[in-house]
Amino acid sequence: EWRALDDYTAANWQPGDTKIRYRESIRFVSTSQPYAGRWLDTKLDGSNATTIPDDIFIGELQRRNGLHLSQCRSTVTRALELGDTVGGAKDYHGDWFLNNAARR
């Protein structure tokens, strides 16, 4: 259950885990909204307008399902190996990357 995952992560945080409070609760509500999955219903005709690049498709699908973002994995792993946790903000779910990218 998603609420149990939020509680577990808060109580057992480790480097690489998200620091976003109630992350799974927020994700559950946002992906449950009407039309939240509509992008998956795009009818493909081979044109650029209907083609979702593989890296974007994979990233969005992983995020939607609450998985670690594979595109972030090597960067986060290396940063953690070097002792750079940025106060625990870097995480395998990509929350740090996605939330801070919008501010640049």
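**A tour from phenylalanine 57**

Select phenylalanine 57 to begin: at 32% relative accessibility, this residue counts as partly exposed, a class that lies between buried (under 20% relative accessible area) and exposed (over 50%), with a 1.4 Å probe and protein chains only. The model is predicted, so local features need pLDDT of at least 70 and side-chain atom pairs count only at pLDDT 80 or more, while totals for chains, interfaces and linings use all residues. Residues are numbered from 1 along each chain as its sequence is written, and side-chain values use heavy atoms, with hydrogens and water left out.

Tryptophan 39 sits in the loop between α2 (23-31) and α3 (54-64), whereas phenylalanine 57, 18 residues away, belongs to helix α3.

Then move to arginine 73, which lies over the face of tyrosine 92, at 4.5 Å from the ring centre; the criterion is NZ of Lys or CZ of Arg within 6 Å of the ring centre and within 35 degrees of the ring normal.

Finally, show the whole chain, which has five helices and zero strands, where helices (H or I, at least four residues) and strands (E, at least two) are DSSP runs numbered from the N terminus. Of its 104 residues, 25% count as buried.
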